[in-house]
Every structure is written in structure tokens, then in C-alpha cells.
Amino acid sequence: MTTDTADQTPSTPAFTAAAFRRGLIAGFPFLLAYGVPAVLLGIAYKGVEFGLFASVLFSLLVYSSTAQAVTLGLWTLPPPIAALILACVATNARYLVMGANLQQSFGRFSKWLMLPLLFFMSDASWMLTTADVKTNRPDAGYFFGLSLPGWIGWSAGTGIGYLLPLTPTPTIIAATAVLPLAFIAVLLPAQWRGKRSVLPWALSAAAGLAAAPFLGAGWAMIAGGSVGTLYSMVRGDHD
């Protein structure tokens with residue numbers, strides 16, 4: 001861990017132990033905020049016979065509530081690998097933009113050190129870090145400390161859910177099915193661009209519904225999203 005150095009200017013990005021502790025304290029609530037929904041996911045993984053090791057490893061490596069909930073909905077045997085990969089890419093594409101935004105704030109911090117840290121980025125840690133950068137010196141330690149509790153809570157919650165003596169009852173399955181909707185609802189305010197959002201969203205919904213009888217739910221979702229995105233690009237939307 002890099003520590004403070006005397007020759008750093010106030011705007012020089014750094015990785016300090018003090019900022020790491022500050023971020024860890026600020027991110028502590030994410031331990032439960034991410035852990036509780038992950039319990040439902042762990043129960044659902046047991047229902048599709050993922051196995052304890054595979055379930056926890058999936059949460060450790062993927063660490064994406066939306067991607068994992070969506071792929072769970074697409075899961076069949078044999079697994080539709082191409083559809084699962086595309087669904088993960090589609091639901092996580094926003095992290096490319098968010099990571100690029102953070103890179104601007106930490107531009108003088110080694111990218112070889114920053115790239116592994118970005119693995120732990122979540123929507124919450126990104127928002128709080130970008131706000132913190134405006135009032136404090138850019139410090140990757142704060143970002144890492146802020147991100148770590150959510151990752152631990154998400155992975156541990158998955159394992160706890162799997163080990164609970166519960167079976168995926170219709171109520172639990174229904175609650176798990178709502179997970180993507182809950183995360184989508186959280187993201188909607190950030191994605192809403194006023195009246196300009198109505199038409200591309202309507203086109204996405206119409207294309208998805210039209211494609212569903214022929215392509216299945218998974219590919220229909222991807223097809224609908226692609227139509228809306230393509231329309232926005234042709235129209236010249238840049239945000």
C-alpha cells in the first residue's frame with residue numbers, strides 16, 4: 001500500500017492508508033446493503049443446483065447484481081453461453097463509462113494499479129468516490145476502502161443464502177425475480193433523460209415483445225435493447 005509522500009501536491013492522486021480507512025468506514029453499510037439481496041440469490045442458486053463453491057465463486061468473480069440476476073433468469077441446461085455473455089456485457093456496459101470517468105480523476109495514478117481496483121467498483125462506490133474527489137484530493141485508497149465492503153457482503157451473502165436450510169419456495173423465487181427490477185428501478189433515475197428517453201425506451205419494449213415469440217426471452221431482451229440503443233445513436237444522443 002502506497003503511503004503519503006511529502007512532495008505530493010494537493011491534486012496529486014494517491015493511495016493512502018488514511019483514505020482507505022475513511023472509505024472503509026463510509027462503505028461499511030454496503031456490507032448489509034449488498035449482503036441481504038445476495039442471500040436471496042444464494043437460495044436461488046441452490047435451486048438451480050449450482051453448488052456452493054460455484055455460487056460463491058460466481059459472486060466473487062462477476063460481482064454484478066444485475067448481470068447475475070439476469071443470467072439466473074436465462075439459466076437452462078445446457079446453458080445458453082452466448083446469450084449469457086451478451087446479457088452480462090449489455091447489463092455491465094455502463095461500467096466502461098464509469099471507469100473512464102474515474103480514470104480522469106485519477107489520471108496520474110498508475111493505470112496498472114488502478115485497473116485491478118476498478119474490479120471492485122459498484123454503482124454506489126463510483127457515485128460516492130466522484131463526489132469525494134470534488135472536495136478532497138483524489139485518493140484511490142478511499143475508492144478501494146469504499147468498494148471492499150460491498151464485494152465482501154455480496155459474496156458472503158451468496159454463501160449464507162446457499163447454506164440456509166431453505167428451499168426456493170414460490171415466494172423466494174418471486175422475490176429473486178424482482179431483484180433485477182429493483183436494481184433497474186435504482187438505475188432508472190440516472191438513465192432518464194426526460195421526454196427524449198420515451199421513444200427509444202418504447203422502441204426497445206416493442207422490439208423485445210415482437211422478438212420474444214421467435215428468439216426467446218433472453219435474446220429478445222438483448223434485441224430490444226439493441227434497437228433502442230441504435231435509434232439513440234442515429235438520433236445523435238451522446239449522454
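Mentor: We begin with a definition: a residue is buried under 20% relative accessible area, exposed over 50% and partly exposed in between, using a 1.4 Å probe and protein chains only. The model is predicted, so local features need pLDDT of at least 70 and side-chain atom pairs count only at pLDDT 80 or more, while totals for chains, interfaces and linings use all residues. Residues are numbered from 1 along each chain as its sequence is written, and side-chain values use heavy atoms, with hydrogens and water left out.

Trainee: Is Pro116 buried, exposed or partly exposed?

Mentor: Pro116 is placed in helix α7; helices are DSSP runs of H or I with at least four residues, strands are E runs of at least two, and both are numbered from the N terminus. Its relative accessibility is 46%, so Pro116 counts as partly exposed.

Trainee: How many helices does the chain have?

Mentor: Read along the sequence, the pattern is α-α-α-α-α-α-α-α-α-α-α. The chain therefore has zero strands, by the DSSP runs defined above, and its helices number 11.

Trainee: How many of the residues of α9 are buried?

Mentor: α9 has 24 residues and reaches 35 Å from its first C-alpha to its last, close to the 34 Å expected at 1.5 Å a residue, where the expected span is 1.5 Å times one less than the number of residues. The helix is mostly covered, and of its 24 residues the buried ones number 20.

Trainee: Which residue has a side chain joined to that of Ser59 by a polar contact?

Mentor: Ser59 lies in helix α3 (residues 52-62) and is buried, because its relative accessible area is 0%. A polar contact is a pair of N or O atoms within 3.5 Å; within protein, one must be able to donate a hydrogen and the other to accept it, and residues adjacent in sequence count only if both atoms are side-chain atoms. Leaving out residues up to four places away in sequence, Ser59 touches (heavy atoms within 4.5 Å) several residues, among them Tyr45, Trp151 and Trp154. At 3.1 Å, the side chain that makes the polar contact with Ser59 belongs to Gln68.

Trainee: Are the rings of Phe119 and Phe120 stacked or edge-to-face?

Mentor: Rings of Phe, Tyr and Trp (its six-membered ring) pair if their centres lie within 6.5 Å; planes under 30 degrees apart count as stacked, over 60 as edge-to-face and the rest as tilted. Phe119 is partly exposed at 35% relative accessible area, whereas Phe120 is buried at 14%. The two ring centres are 5.1 Å apart and the planes are at 85 degrees, so the pair is edge-to-face.

Trainee: What distance separates the C-alpha atoms of Gly208 and Gly228?

Mentor: Gly208 is found in helix α11 (residues 198-235) and is buried, with a relative accessible area of 14%. Gly208 and Gly228 are 20 residues apart along the chain, and their C-alpha atoms are separated by 9.9 Å.
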